[in-house]
Amino acid sequence: MARDAIRDKVSIVGVGCCQFGENWDQSPADMIVDAAYEAYADAGIEKPQEQIDAVFTGSIYSNKGPHECSDALKLWKPVTSVSNYCATGTDAFRCGVMSIACGLYDTVLVVGYDKPKDRGVAGPSVVMTQVRDLPQTPAGWFSICASRYFEKYGAGRDDLARIAIKNHHNGTLAPNSFLKREITLEDYKKARLISWPFGLYDCAAQTDGAAAVILTRSDLAKSFRRDPVVVKGVTVFAGPNPQKDPTMDFLAWKPSIEAGQVAYEMAGVGPEDIDVAQVHDCFSLTELLTYEDLGFCEKGAAKEHIQDGRFEIGGGLPVNTDGGLKSFGHPTGATGVRMIYENTLQLQGRAGERQTPDAEIALSHNIGGYPTACGIAILGRA
Ligand SMILES: CC(C)(COP(=O)(O)OP(=O)(O)OC[C@H]1O[C@@H](n2cnc3c(N)ncnc32)[C@H](O)[C@@H]1OP(=O)(O)O)[C@@H](O)C(=O)NCCC(=O)NCCS
């Protein structure tokens, strides 16, 4: 594999993100239009039918496939529809990047969206995962990992609380987030229990949303805007169900580790070079394990870094500067693209109160399935 094959060849020249939330008054098409037209305006695109060569979309709940976007955006274009668990949005982005890097297209639109609130279910997510063949909700399964981690490394609910409080705070600073609500340690401890050790504030909410990105060849990027962001590396990892692997210890997730190593090599950087990151925090513990799986700190050491405030805005490596899944919820296809939206703003110095000073390299990460799928994108200032 040529690890540097796509590095710096493709640039982001426009991003858009609709208001995330319980969007009862919006169809998927409404959200797609909001996100895509913001991205067009950001890139200075006035005639999408002429200026966009192809569309890549990511959604896991849509039953219309590529037609949802064509219909919504009134485009006659090659449209590719991608579905890959929680890595769906990042995978759609990856396909768009590859289509330009191989020389086929000049400029493409990537749209991630989903509308899970229309599924007609409330409460904990429907039973979808299994642990050692026993039915589990996602909260049930991730909470088993938390108990194991606590037992092995001496962490506890107070450490998870710091992540939840941080992400709730960051969400108050992000215009398009769903939950704009500060919480205290007391709120965290008093909240209803979902699956021990997770209470309400350890869980991402369920929301609707869409986000969009315009990609172009790097040599064309400055004709769109003066501050494009380059794609350093992007990869997706899919593996067999680790819960059927008797050697799995529940303390680290192979998809994140494998995808992380490849993404760092593609980008020619290491974890020490990352200035700002958006990582999958479907549950607070997911974010904690990701610090370790991506090499932001040593295995078992996350607790000390959390207590030092390293991952907070203003800390050494701010993580989930927009409040993450905790504040935006997790409309699955949208999440990876929403993270790329935030990282692009960070690299362009447009993140307002959330801004990481002088950010040059930004990483986004999703993990999903059992967990079997991981997507990682590393972006850099041009
Ligand atoms: C935690 C969870 C069970 C709560 O769902 P619920 O009990 O149906 O909650 P409701 O939608 O009825 O919301 C009740 C209130 O809590 C709030 N709320 C809902 N989820 C919340 C969350 N995760 N964090 C904070 N507040 C939340 C709502 O805004 C609402 O507030 P209000 O009374 O002020 O309007 C649900 O969000 C969940 O299952 N999350 C995990 C999602 C998941 O598994 N994703 C897959 C990841 S791989």
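Predicted model: local features only at pLDDT ≥ 70, side-chain atom pairs only at ≥ 80, totals over all residues.
Leaving out residues up to four places away in sequence, Val 111 touches Ile 32, Ala 35, Ala 36, Val 55, Thr 57, Cys 69, Ala 210 and Ala 212.

Helix 5 (residues 138-153) has 16 residues and reaches 22 Å from its first C-alpha to its last, close to the 22 Å expected at 1.5 Å a residue. Its buried residues are Pro 138, Trp 141, Phe 142, Ser 143, Cys 145, Ala 146 and Tyr 149. Just after helix 5, Gly 154 takes a positive phi of about 75°.

Buried positions in helix 6 include Asp 159, Leu 160, Ile 163, Ala 164, Lys 166 and His 168. The buried residues of helix 6 pack against helix 7 (185-190), helix 9 (284-293), helix 10 (302-308) and helix 11 (324-328).

How do two such helices meet? Two packed helices are described by the angle between their axes and the distance between the axes. For helix 6 and helix 9, the axes come within 9 Å and cross at roughly 100°. Because angles of 65 to 115 degrees count as roughly perpendicular, helix 6 and helix 9 are therefore roughly perpendicular to each other. In this contact, Asp 159, Leu 160, Ile 163 and Ala 164 of helix 6 meet Ser 284, Leu 285, Glu 287 and Leu 288 of helix 9. These residues divide into five nonpolar, one polar and two charged.

Another pair is formed by helix 4 (residues 88-101) and helix 12 (residues 332-347), whose axes come within 5 Å and cross at roughly 60°. Helix 4 contributes Thr 88, Gly 89, Thr 90, Ala 92 and Phe 93, while helix 12 contributes Thr 332, Gly 333, Ala 334, Thr 335, Gly 336, Val 337 and Ile 340. The residues of this contact divide into five nonpolar, seven polar and no charged.

Asn 366 counts as buried because it has 34 C-beta neighbours inside 10 Å. Apart from neighbours within four places in sequence, its contacts are Cys 86, Ala 87, Thr 90, His 280, Thr 335, Gly 336, Cys 374 and Gly 375. Asn 366 and Thr 335 are 31 residues apart along the chain, with their C-alpha atoms separated by 8.1 Å.

Finally, Gly 239 lies in the loop between strand 10 (229-238) and helix 8 (254-267). Gly 239 counts as partly exposed because it has 17 C-beta neighbours inside 10 Å. Not counting residues up to four places away in sequence, Gly 239 touches Lys 254, Pro 255 and Thr 372. Gly 239 and Pro 255 are 16 residues apart in sequence, and 7.0 Å apart in space from C-alpha to C-alpha.

Conventions:
Residues numbered from 1 in each chain as written. Contact = placed C-beta atoms within 7 Å. Helix = DSSP H or I, 4+ residues; strand = E, 2+ residues; numbered from the N terminus. Buried ≥ 20, exposed ≤ 12 C-beta atoms within 10 Å, placed from the backbone. Axes fitted to C-alpha atoms, helices over the stretch in contact; angles between N-to-C directions. Parallel < 35°, antiparallel > 145°, perpendicular 65-115°, else oblique. Nonpolar A, V, L, I, M, F, W, Y, C, P; charged D, E, K, R; others polar. Expected span 1.5 Å × (residues − 1).
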